Amino acid sequence: MRKAAFTGVGHHDSIAAMEPLSPDEIARYHRHILLPEIGGAGQQRLKAARVLVIGAGGLGAPILQYLAAAGVGTLGIVDDDRVSLSNLQRQVIHDSGTIGELKTESAALAIARLNPHVRLIRFEERFCAETAQRQLSGFDLLIDGSDNFDTRYAAADAAEAVRIALVTGAVGRFDGSLTVLKPYETSEDGTANPRYRDLFPEAPPAGLVPSCAEAGIIGALTGVIGTMMAMEAIKLITGAGEPLIGRLLLYDALSARFDTIRYKRRRERQGQAV
């Protein structure tokens, strides 16, 4: 049976059973501990959390940096790519000295410099349906910072199957979006939380949505969306605030505008969603 290391919204685990914070950690996370919504208990939950991040690129860079800085105890990184010069305009966890290195290795070195209390687990491979169960073993939260629909659907299916929360985001040119998925739970009114396919029933035809390499992307956009994804993860781990469950947050960088779209689980009749 999986032993949950993080609380999730509405769940209050036994902090007494968790590893205490060292004097160095108390000093490092003092600004967190001052917050009533986090406190020492929330910081212990962060230390106990095990989070798997798909992608060490534009979104993964700020996600990994802020979760490491926040004191998440174990971070997993899934990426089979190497650092290239064209990555450095947005993938700020890497630098000119790591060009040619595996992104997992470059990111791990950066995180070790940032916070030596974080344990790193590296997967130099892609996340897909065939590898998902093995890669997710032992993790409590999945964050998808990938750049393709196949991975996004695989992440959504895998997280639902093992009943862990998923934070997923996407970016393109000057626009970004993110949401949180916990379809294995119900909302306050007793209805099932929505799935990824309730929001995006089908992937668009191949070639319809251009990649960042084809259409371009403003680098700071990935910082905005990736940082917000890290914030949602921290909320899920500590139980602070209201995660973006059933809500898709949209950001238009050119107009500096945020919008929120609510979505629900589709009704099913005779096994078919309608």
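## A polar contact at Thr131

A polar contact is a pair of N or O atoms within 3.5 Å, one able to donate a hydrogen and the other to accept it when both belong to protein. In this predicted model, the side chain of Thr131 places a polar atom 3.1 Å from the backbone nitrogen of Cys128. Thr131 itself is found in the loop that runs between strand S3 and helix H6 (132-136).

Is Thr131 buried or exposed? Its relative accessibility is 13%, and because buried means under 20%, Thr131 counts as buried. When its neighbours within four places in sequence are left aside, Thr131 is in contact with Glu125 and Arg126.

## Strands S2 and S3

Strand S3 (residues 119-123) pairs with strand S2 (residues 74-78) in the parallel sense, and the pairing extends over 5 bridges. Within this pair, Thr74 stands opposite Arg119 in S3.

## Helix H10

Helix H10 covers residues 219-238, and the C-alpha atoms at its ends are 29 Å apart.

H10 is mostly covered, with 14 of its 20 residues buried. The residue that follows H10 is Gly239, whose phi is positive, near 85 degrees.

How values were computed
Residues are numbered from 1 along each chain as its sequence is written. This is a predicted model: local features need pLDDT of at least 70, side-chain atom pairs count only at pLDDT 80 or more; totals for chains, interfaces and linings use all residues. Side-chain values use heavy atoms; hydrogens and water are left out. Helices (H or I, at least four residues) and strands (E, at least two) are DSSP runs, numbered from the N terminus. The expected span of a helix is 1.5 Å times one less than its number of residues. Buried means under 20% relative accessible area, exposed over 50%, partly exposed in between (1.4 Å probe, protein chains only). Two strands pair if DSSP finds at least two bridges between them. Contact means heavy atoms within 4.5 Å.
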